[in-house]
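Please look over the structure shown here before reading on. The paragraphs below go through it part by part.

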Amino acid sequence: MPTETNGLCPCGSQKEYRDCCGRFLEKKALPPTAEALMRSRYTAYVKGDLDYLVETDFHEVDREATKAWMQSATFYRLEILKVYRGKALDKKGRIEFKAWYRDEEGEERIHHELSDFEKYKGRWYYSGGLAAT
Ligand SMILES: [Zn+2]
């Protein structure tokens with residue numbers, strides 16, 4: 001197997017991809033916290049992993065709309081601003097984050113969101129988000 005030269009995870013954790021979101025996207029483990037799920041969903045956007053986004057959403061997802069959004073935006077930086085609960089023993093969590101991306105015209109934009117997460121049968125899901133300002 002070739003060695004990956006640039007193995008850092010896109011989520012900005014400064015960890016190797018395979019020790020960070022890679023485990024979750026490759027279904028080797030489940031994210032233990034809301035933040036881990038949040039980061040892995042961001043990484044799924046970066047990598048174009050639509051199935052992972054659909055699978056980790058508590059609600060039914062409009063695949064076409066999600067795919068269109070994923071393809072129109074090139075995400076390049078994630079910043080977690082605040083984490084409310086969402087620890088391994090919690091049932092709910094909320095995370096405020098900013099994700100930087102370039103749109104189709106190459107303009108730099110920021111997606112600022114308050115996301116809600118819920119744990120169902122031992123697994124964390126994204127359950128909705130509000131645009132923050
Ligand atoms: Zn990561």
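Predicted model: local features only at pLDDT ≥ 70, side-chain atom pairs only at ≥ 80, totals over all residues.

Residues are numbered from 1 along each chain as its sequence is written, and side-chain values use heavy atoms, with hydrogens and water left out.

Begin with the strands. Helices (H or I, at least four residues) and strands (E, at least two) are DSSP runs, numbered from the N terminus. Two strands are said to pair if DSSP finds at least two bridges between them. Strand β1, residues 74-85, and strand β2, residues 92-102, run antiparallel and are joined by ten bridges. Along this pairing, K82 is placed opposite E96 in β2, and E79 has K98 in β2 as its bridge partner. The two strands make a hairpin with six residues between them, and in its turn G86 has a positive phi of about 75 degrees.

On to the next pairing. β2 is also joined to strand β3, residues 108-120, by eleven bridges, and these two strands run antiparallel. Here R94 has D116 in β3 as its bridge partner. The hairpin of β2 and β3 has five residues between the strands, and G106 in this hairpin takes a positive phi near 85 degrees.

Two further residues have a positive phi. R85, in strand β1, has a positive phi of about 50 degrees although it is not a glycine. K121 is not a glycine either, and its phi is positive at about 50 degrees; K121 lies in the loop between β3 and β4 (123-131). For accessibility, buried means under 20% relative accessible area, exposed means over 50%, and partly exposed is in between, using a 1.4 Å probe and protein chains only. R85 counts as exposed because its relative accessibility is 57%. K121, at 74% relative accessibility, also counts as exposed.

W100 belongs to strand β2 and is buried, because its relative accessible area is 13%. W100 and I110 are ten residues apart in sequence, with 4.5 Å from C-alpha to C-alpha. A88 sits in the loop between β1 and β2 and counts as partly exposed, because its relative accessibility is 42%. Between the C-alpha atoms of A88 and G122, which are 34 residues apart along the chain, the separation is 9.3 Å. K47 is part of helix α2 and has a relative accessible area of 46%, so it is partly exposed. From K47 to T74 there are 27 residues in sequence and 9.8 Å in space, C-alpha to C-alpha.

Now turn to the metal. Which residues are the protein donors of the zinc ion? Donors are N, O and S atoms within 2.8 Å of the metal (3.2 Å for Na, K and Ca); water is not among the atoms, so sites may look incomplete. For the zinc ion the protein donors are C9 (SG), C11 (SG), C20 (SG) and C21 (SG), lying 2.3 Å from it. Their spacing in sequence is C-x1-C-x8-C-C. The arrangement is tetrahedral because the four donor atoms subtend angles of 103 to 114 degrees around the zinc ion; four donors count as tetrahedral if all angles lie between 85 and 135 degrees. Both C9 and C11 are buried.

Rolling a probe the size of a water molecule over the atoms shows where empty space is left. A pocket is an open set of points on a 1 Å grid over the protein atoms alone, where a 1.4 Å probe fits, with protein on both sides within 12 Å along at least five of seven lines; lining residues have an atom within 4 Å of a point. The volume is the space filled by probe spheres set on the points, and grid points are joined across faces, edges and corners. The largest pocket holds about 320 Å³ of space. It is lined by 17 residues, of which R41, Y45, H111, E113 and Y126 are the closest to its centre. At least two lining residues come from each of α2 (34-47), α4 (63-72), β2 and β3.

Definitions and conventions: Tetrahedral: all angles 85-135°; square planar, octahedral: opposite > 155°, others 65-115°.
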